[in-house]
Amino acid sequence: MESTILIDAAGVSKIHNRGKPDEVAAVRDASLRVRRGETLVLKGPSGSGKTSLLSLVGCMARPSAGRILVEGRDVAKLPERFLTEVRRSTFGFIFQQFNLVRDLSVQDNVLLPLFPLDTRLAEMRRRAAAVLEKLSLAGKSQRKVRQLSGGEQQRVAIARALINNPRILVADEPTAHLDSRLAADLLDILSGLKAEGKTILIATHDPYIFEHPLVDRSIEMHDGRIAGAATP
Ligand SMILES: Nc1ncnc2c1ncn2[C@@H]1O[C@H](COP(=O)(O)OP(=O)(O)OP(=O)(O)O)[C@@H](O)[C@H]1O
């Protein structure tokens with residue numbers, strides 16, 4: 001049977017600048033399990049380690065200590081090439097500033113995470129067309145991102161996160177730069193993706209997200225540590 005635990009992190013720490021005067025323990029002895037299909041929120045004050053923990057479980061960074069299983073595979077010590085492969089095939093990332101390339105077209109922005117995958121251009125364009133259709137951007141694929149409204153840019157950022165058909169979506173402060181209408185739109189889109197079976201991890205300060213019915217579980221971080229139990 002397929003395991004219901006997608007991510008199983010145990011005793012994870014991330015120390016920056018170890019042994020130097022500016023040493024920082026961004027994450028301390030954190031243990032966390034994420035179930036397939038759930039939406040989990042990491043909350044806590046600025047600097048409490050939310051982004052750092054998301055980066056570790058999202059295979060964007062490596063822990064200084066501890067074990068991180070992603071779909072049963074220990075990623076903490078994987079060589080860079082394999083870590084990149086797990087990241088690309090498993091995760092989609094939505095960043096607070098969208099991180100789009102403003103002078104590239106919508107289609108090219110959405111395709112960026114596929115490079116340098118060994119995928120044919122025609123297949124890549126077919127996939128881009130499908131995600132743009134899904135996010136009501138089909139008519140905008142050749143527009144430059146800088147010509148789009150904030151809401152459209154947000155949807156391009158989500159389309160880009162979906163291009164690899166990831167099983168897990170990671171969103172870091174996704175409503176930080178959105179007005180309340182766009183924040184509501186974003187959560188509607190995330191709710192639709194959850195209904196399709198995506199697992200969603202969100203780091204946020206935004207009480208609007210904490211209280212949204214999309215969220216199954218919240219975990220609080222303080223000073224790099226997870227407060228309370230973080231296992232389902
Ligand atoms: N690359 C780095 N080098 C040194 N220190 C870092 C690095 N990345 C993060 N830190 C430090 O680790 C701590 C946790 O930062 P992190 O960004 O994970 O917190 P956060 O809870 O996401 O904060 P925010 O809500 O402000 O985004 C902070 O003290 C931060 O300054």
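The shell around the ligand in this predicted model has, by class, three nonpolar, nine polar and one charged residues. Of the 13 residues around the ligand, those that come nearest are His 16, Ala 26, Ser 46, Thr 51 and Ser 52. Two elements, strand 2 (24-35) and helix 1 (50-57), each supply at least two residues of this shell. Helix 1 gives the most, with three residues.

An open sheet is formed by six strands in the order 6-7-8-3-9-10, and its pairing is mixed. Strand 6 (91-94) and strand 10 (225-227) stand at the edges; each has a single partner strand, so one side of each is left without a neighbour in the sheet. From one strand to the next, the twist averages 25°. Strands of a sheet pair through backbone hydrogen bonds, either parallel or antiparallel. Strand 3 and strand 9 pair in the parallel sense, over four bridges. Lys 43 has Glu 220, in strand 9, as its bridge partner.

| Strand | Residues |
|---|---|
| Strand 3 | residues 39-43 |
| Strand 4 | residues 65-70 |
| Strand 6 | residues 91-94 |
| Strand 9 | residues 217-222 |

Arg 67 lies in strand 4. Arg 67 counts as partly exposed because 15 other C-beta atoms lie within 10 Å. Not counting residues up to four places away in sequence, Arg 67 touches Ala 10, Gly 11, Asp 74 and Ala 76. Ser 31 is 36 residues from Arg 67 in sequence, and the two are 9.0 Å apart in space, C-alpha to C-alpha.

Definitions and conventions
Residues numbered from 1 in each chain as written. Predicted model: local features only at pLDDT ≥ 70, side-chain atom pairs only at ≥ 80, totals over all residues. Buried ≥ 20, exposed ≤ 12 C-beta atoms within 10 Å, placed from the backbone. Contact = placed C-beta atoms within 7 Å. Near = placed C-beta within 6 Å. Nonpolar A, V, L, I, M, F, W, Y, C, P; charged D, E, K, R; others polar. Pairing = 2+ DSSP bridges. Axes fitted to C-alpha atoms, helices over the stretch in contact; angles between N-to-C directions.
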